[in-house]
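Here are my notes on this one, as promised. Have the coordinates open while you read.

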Protein chains: 2
Amino acid sequence: MDLVTVRQIYKDREQYLNKEISIGGWVRSLRDSKAFGFIVLSDGTYFETLQVVYHDTMENFSEISKLSVGTALIIKGTLVATPEAKQPFEIQATEIVVEGASSPDYPLQKKRHSFEYLRTISHLRPRTNTFQAVFRVRSLIAYAIHQFFQERDFVYVHTPLITGSDCEGAGEMFQVTTLDLNDIPKTDEGKVDFSQDFFCKPTNLTVSGQLNAETYAMAFRNVYTFGPTFRAENSNTTRHAAEFWMIEPEMAFADLNDDMELAESMLKYVIRYVLEHAPEEMSFFSQFVDKGLLDRLHNVLNSEFAHVTYTEAVELLEKHNDEFDYKVFWGCDLQTEHERYLTEQLFKKPVFVTDYPKEIKAFYMKMNLDNKTVAAVDCLVPGIGEIIGGSQREDDYDKLTARMDELGLKKEDYQFYLDLRKYGSTRHAGFGLGFERCVMYLTGMSNIRDVVPFPRTVNNCEL
Amino acid sequence: MDLVTVRQIYKDREQYLNKEISIGGWVRSLRDSKAFGFIVLSDGTYFETLQVVYHDTMENFSEISKLSVGTALIIKGTLVATPEAKQPFEIQATEIVVEGASSPDYPLQKKRHSFEYLRTISHLRPRTNTFQAVFRVRSLIAYAIHQFFQERDFVYVHTPLITGSDCEGAGEMFQVTTLDLNDIPKTDEGKVDFSQDFFCKPTNLTVSGQLNAETYAMAFRNVYTFGPTFRAENSNTTRHAAEFWMIEPEMAFADLNDDMELAESMLKYVIRYVLEHAPEEMSFFSQFVDKGLLDRLHNVLNSEFAHVTYTEAVELLEKHNDEFDYKVFWGCDLQTEHERYLTEQLFKKPVFVTDYPKEIKAFYMKMNLDNKTVAAVDCLVPGIGEIIGGSQREDDYDKLTARMDELGLKKEDYQFYLDLRKYGSTRHAGFGLGFERCVMYLTGMSNIRDVVPFPRTVNNCEL
């Protein structure tokens with residue numbers, strides 16, 4: 001169908017002004033008087049709506065005036081400038097065809113709905129202003145991330161979702177099976193007979209693609225993943241989802257400094273991209289969702305991220321222990337309250353915290369010379385806390401296996417991973433960015449359920 | 001680390017010629033004579049390798065000469081032009097530092113390995129020529145698809161992976177559960193007690209994001225998904241994987257013609273993109289993997305896709321029934337042999353086959369006026385057969401529910417989907433592109449296991 005979009009009209013108005021055009025879209029609101037009426041139309045392609053004026057010279061004038069919010073229309077008319085009005089132009093309609101009526105019980109009548117209510121109609125909420133903005137920006141952020149890495153010749157790797165190993169020992173994973181749950185086959189010893197399962201062994205949904213990504217970094221040097229990951233954690237918070245997307249770059253011939261440089265460049269690139277490509281949406285967030293959002297993002301763009309070691313950070317935070325629920329001490333895992341205090345109160349900008357005690361970090365992180373801390377880094381941002389976690393990886397075969405022994409990890413489960421340290425090992429580093437957390441950070445939305453199209457959380461798997 | 005990449009050197013040689021540079025990479029091969037030696041180095045950033053010359057003036061000359069294939073090196077030296085040699089330039093090394101040795105049992109010695117063997121070392125195979133080419137091109141195709149849709153302002157939607165519904169009735173799905181398989185909790189009636197499961201109900205891995213994507217098309221007009229999908233089919237073929245990626249665009253205010261126009265534009269865009277961005281890899285495939293690949297792809301670029309209805313196609317094919325294992329008749333599902341005959345023998349270019357009998361297509365496809373066929377389309381390409389399947393969707397509430405009744409589908413399972421036909425329904429259409437099939441088509445690789453980094457197939461879930 002040859003329909004002009006609202007985006008085209010706003011972006012390229014000169015081409016359409018005073019011409020007859022056809023547009024399709026949905027009624028956001030409608031008011032009529034005796035001889036004419038106004039329709040506010042959205043076609044989903046642009047954050048702004050389009051005003052349509054129609055007159056009683058139209059033969060279906062009275063039918064149009066009775067239409068419900070949400071009706072789909074195809075409108076023919078002339079685009080005319082309206083220099084005195086709030087909106088820059090409007091369509092003077094010559095023909096309006098109802099493409100699909102909207103039942104009067106349409107849940108999105110012209111009034112404010114709470115986010116809680118809108119979560120119960122996740123198939124309709126993208127039609128509202130806020131969620132139009134959220135999900136367009138989510139799409140742009142995803143693309144900006146791809147563009148950032150592809151411009152730098154990183155190879156995009158699809159690491160597997162179904163996995164036979166619980167690699168990080170991350171614990172709570174979803175099992176994947178084709179066995180009949182009503183009648184699980186058992187072996188003679190009374191154990192689950194996985195030889196009858198699809199993969200002939202127990203399988204889970206992945207919690208991270210990192211270990212697989214490392215194998216590709218050792219072939220392509222710079223790679224990244226961008227795919228779904230899963231956690232079966234029973235945590236019903238505003239920041240946890242059971243299914244979420246993650247970005248995990250991994251670079252060979254790179255150390256922790258390269259890693260931080262990449263993370264800072266990436267965050268700034270993405271912020272710049274959405275500010276440029278969704279200015280209307282970003283203003284909307286800053287005005288109605290999270291006051292000061294734009295200032296905060298511009299501040300990030302214009303500042304160099306701070307750098308502090310974990311040990312220094314603990315010293316800084318200990319002075320304010322009376323302000324915290326959890327007291328800080330060397331060796332403790334930093335809580336969100338501490339992270340936010342660091343980035344919001346002490347540094348007032350994003351901060352990289354490096355060199356954490358090995359006990360609170362994963363086995364694969366590179367041991368520092370002090371033998372107490374590892375070359376790990378968390379990036380903390382105002383309003384969120386940790387947004388990125390990364391590290392240089394242990395590239396020494398002997399040190400890595402020694403650490404695995406300490407932690408009781410079985411070498412035979414990690415043979416492929418150890419091979420990377422046996423055949424041309426190089427210093428390498430990478431990080432993980434939780435995509436939803438990034439969307440929350442850039443939109444100011446405060447509940448992860450409101451930045452995922454169809455969220456999956458404890459006891460919630462609708463649509 | 002400030003290392004120049006092999007890609008930078010090839011792309012921007014003038015900047016580096018006769019300068020001292022440092023590069024990191026892995027030894028592909030090494031030969032030495034008395035006073036000097038040659039190293040062929042790959043750093044994974046470019047399909048071509050780089051020749052390094054080193055001399056016995058170097059203090060670790062003899063150590064270098066003993067290095068194994070696969071060793072990681074950091075090399076300092078001067079890039080010099082070599083107009084008489086096969087390669088355009090080489091590095092005259094002044095310093096070679098071993099970053100990580102390679103054990104002499106390195107499986108990728110300089111000889112030809114079969115794809116079957118390389119599948120057993122999926123963590124190392126991306127270091128070989130063929131898989132360097134495959135997985136770089138895979139990455140480029142993925143990005144080209146994003147770029148295609150984003151340039152057209154399509155919104156990228158992450159549809160959920162874990163789903164509570166078996167939407168297409170597609171049958172063989174993977175179950176997702178946190179129940180203890182060794183001791184499944186049961187209700188008083190002896191059924192599985194899903195109230196104890198993570199989502200408090202049975203859940204599966206999705207087979208398609210389409211129905212969810214439709215809800216977003218009704219908000220944003222043009223959307224696309226690009227994510228993993230799963231089939232627990234017990235089919236051990238060269239074309240089926242249990243986990244694969246799929247692209248599913250969906251457009252509101254669009255019919256079957258718009259759908260075909262989009263599919264054709266997309267395929268041509270992606271082909272053009274990889275030819276431009278990976279010319280070395282594409283020549284390699286055409287020379288060593290699938291003779292004639294480049295001709296075939298250029299032929300696609302330069303032709304308009306053919307259009308034929310299913311009914312016409314059946315008439316054409318029936319004349320050749322003696323050449324088929326499965327005889328063609330009106331009402332039959334076309335087999336790969338028929339699809340390939342159509343596109344390779346009869347049309348000699350890609351073909352859209354439209355208007356299939358409703359019995360062999362999904363419930364949501366729009367009924368044609370003949371009440372026998374639906375507005376479905378398959379896109380067939382030479383060498384593969386079906387690469388894309390799509391349709392205009394039934395947008396009429398009554399017709400859709402009538403069809404669901406015929407097929408015994410429960411309306412309460414599809415309430416959200418029916419809502420789309422109740423609140424501002426519009427004509428709309430979309431299609432699904434199997435990403436791996438697309439990669440096979442563009443690389444000429446004939447086994448799906450060789451275009452997925454870590455393939456999951458029946459009885460196979462390694463790494």
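1. Start at the salt bridge between R221(B) and D43(A), where the side chains meet at 3.9 Å, N to O. Bear in mind that this is a predicted model. The R221(B)–D43(A) pair falls under the 4 Å cut-off for a salt bridge. In total, nine salt bridges are counted between chain B and chain A.

2. Then look at the rest of that interface. Chain B puts 117 residues into the contact, and chain A puts in 117 residues too. Between them the two chains bury about 9,600 Å², with 60% of that on carbon and sulfur atoms. For polar contacts, the rule picks out 43 residue pairs across the interface, both partners at pLDDT 80 or more.

3. Over all chains, the structure has 68 aromatic pairs. One cluster joined by ring pairs draws on both chains: F115(A), F131(A), F135(A) and F454(A) from one, Y216(B) and F220(B) from the other.

4. On to the nonpolar core. The largest one has 183 residues, and I141(A), F174(A), I141(B) and F174(B) are those with the most contacts inside it. What does I141(A) touch once its neighbours within four places in sequence are set aside? Its partners are V270(A), V274(A), F435(A), C438(A), V439(A) and L442(A).

5. Finally, two lysines in chain A that I'd click on. K361(A) has its charged end over the ring of Y356(A), 4.3 Å from the centre. K372(A), for its part, lies over the face of W330(A), with 5.1 Å to the ring centre.

Terms used. Residues numbered from 1 in each chain as written. Chains lettered and ligands numbered in written order. Predicted model: local features only at pLDDT ≥ 70, side-chain atom pairs only at ≥ 80, totals over all residues. Heavy atoms only, no water. Core = buried A, V, L, I, M, F, W, Y, C linked by side-chain atoms within 4.5 Å. Buried < 20%, exposed > 50% of the residue type's maximum accessible area, 1.4 Å probe, protein only. Contact = heavy atoms within 4.5 Å. Phe/Tyr/Trp six-rings, centres within 6.5 Å; stacked < 30°, edge-to-face > 60°. Lys NZ or Arg CZ within 6 Å of the ring centre and 35° of its normal. Buried area = accessible area lost by both parts, 1.4 Å probe. Polar contact = N/O pair within 3.5 Å; in protein donor to acceptor, adjacent residues only side chain to side chain.
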